[in-house]
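Here are my notes on the model you sent over.

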Amino acid sequence: MTVNSVRRTARAKVNLTLHVTGQRADGYHLLDSLVCFADIGDFIDMREADALSLSVDGPLAAGVPTDERNLVLQAARLFGADKGAAINLSKHLPHAAGIGGGSADAAATLLALAELWDLPLPEDVVRLGADVPVCLSPMALRMRGVGDELSVVPPLPELPAVLVNPRVAVETPPVFKALTQKENAPMGVVPECADVGVFAKWCAEQRNDLQAPAISIEPTIQDALDALEPALFARMSGSGATCFGLCENADSTKELAKTIRGKHPDWWVVATNFS
Ligand code: C5P
């Protein structure tokens with residue numbers, strides 16, 4: 001069926017765990033991460049057009065490039081097709097934030113263009129970013145290799161959560177560079193459990209190996225973790241600076257988000273659910 005406009009949500013990616021287990025000769029790091037997705041995201045809207053174009057709007061559009069640096073345009077180029085589309089990216093997620101904003105946008109663009117142009121997905125999408133493959137199937141997955149090896153995990157319990165970004169952009173390469181110990185133990189076996197409390201305890205036994213190096217570069221991340229202290233469990237996602245706290249239920253997420261917003265009105269704070 002031919003379509004002439006498509007809308008997709010680019011959900012925020014969260015690394016519940018992020019173990020760095022080694023480094024390849026080309027400098028890329030080997031990861032072992034349990035990835036899930038929040039129920040909030042950016043929106044990609046596109047329609048048929050003669051040329052390829054990108055506009056960016058939304059509450060967090062400031063500072064997002066609209067030129068070829070934007071992964072949305074790089075994703076479109078990967079099709080190698082001489083086709084046009086007018087794409088709008090509505091930015092609701094902070095960028096350079098460890099929640100895959102750029103990768104999620106790129107993945108949503110790939111899926112939307114495949115539909116609009118009636119073409120198969122391009123190969124080797126990991127070239128766009130380590131998180132692009134996982135963002136193509138936004139569900140809980142174990143991510144290994146450099147982000148390209150995905151495997152299914154047991155169903156996760158309901159995960160009410162609060163996301164906090166202290167409004168500092170953190171670039172990923174310096175964080176990996178600040179990690180001195182590159183070979184670390186892999187993630188444990190993901191438990192099959194229906195209780196967020198039990199799951200939070202398991203998470204606490206795992207790690208994000210990038211958390212300490214990111215805090216050494218941007219100490220405000222520790223403030224975000226401290227603010228999430230009342231949660232069952234709190235940790236940084238990706239290379240930061242966004243942190244998440246798992247909570248008992250939806251009411252406790254709303255309450256915690258309200259408290260944090262009250263103390264830090266300039267931070268990005270969202271009560272959400274992970275799945
Ligand atoms: O792929 P992405 O754009 O997210 O990666 C940004 C940077 O993070 C890379 O250029 C690289 O320096 C580092 N990185 C890495 N190993 C990975 C993923 C990213 O060293 N598996």
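**Notes on the model**

1. Let's start with Leu210: at 1% relative accessibility, this residue counts as buried, because the cut-off for buried is under 20%. Keep in mind as you read on that this is a predicted model.

2. Where does Leu210 sit, and what is it in contact with? Its place is in the loop between helix H5 (196–205) and helix H6 (211–217). Setting aside neighbours within four places in sequence, Leu210 is in contact with Leu18, Val20, Val175, Phe176, Leu179, Met236, Gly238 and Ser239. Take Leu179, for one: it is 31 residues away along the chain, but the two C-alpha atoms are separated by 6.8 Å.

3. Now the whole chain. You'll find eight helices and eleven strands in it. The radius of gyration is 18 Å, close to the 19 Å that the globule rule gives for 275 residues, so the chain is as compact as a globular protein of that length. Along the principal axes, the C-alpha trace spans about 50 × 45 × 35 Å.

4. If you take contacts between residues at least 6 apart in sequence, 75% of them join residues at least 24 apart.

5. As for the surface, the accessible area comes to about 12400 Å², and carbon and sulfur atoms account for 50% of that.

6. Helix H2 (residues 101–116) deserves a look. Its 16 residues reach 22 Å from first C-alpha to last, close to the 22 Å expected at 1.5 Å a residue. H2 is mostly covered, with 13 of its 16 residues buried.

7. A few backbone angles to check by eye. Most residues other than glycine have a negative phi, and most peptide bonds are trans. Ala96, not a glycine, has a positive phi of about 50°; it lies in the loop between strand S5 (85–90) and H2 and is partly exposed, with a relative accessible area of 24%. After H2 comes Asp118, with a positive phi near 55°. Asp124 also has a positive phi, near 60°. That residue is in the loop between H2 and helix H3 (132–136) and is partly exposed at 45% relative accessible area.

8. Last one: which residues does a cis peptide bond join? They are Gly240 and Ala241, with omega about 10°. Ala241 is in the loop between strand S9 (233–236) and strand S10 (243–246).

Key. Residues are numbered from 1 along each chain as its sequence is written. This is a predicted model: local features need pLDDT of at least 70, side-chain atom pairs count only at pLDDT 80 or more; totals for chains, interfaces and linings use all residues. Side-chain values use heavy atoms; hydrogens and water are left out. Helices (H or I, at least four residues) and strands (E, at least two) are DSSP runs, numbered from the N terminus. The radius of gyration is taken over C-alpha atoms; the globule rule is 2.2 Å times the number of residues to the power 0.38. Contact means heavy atoms within 4.5 Å. Accessible areas come from the Shrake-Rupley method with a 1.4 Å probe; for residues, only the protein chains shown count as cover. The expected span of a helix is 1.5 Å times one less than its number of residues. Buried means under 20% relative accessible area, exposed over 50%, partly exposed in between (1.4 Å probe, protein chains only).
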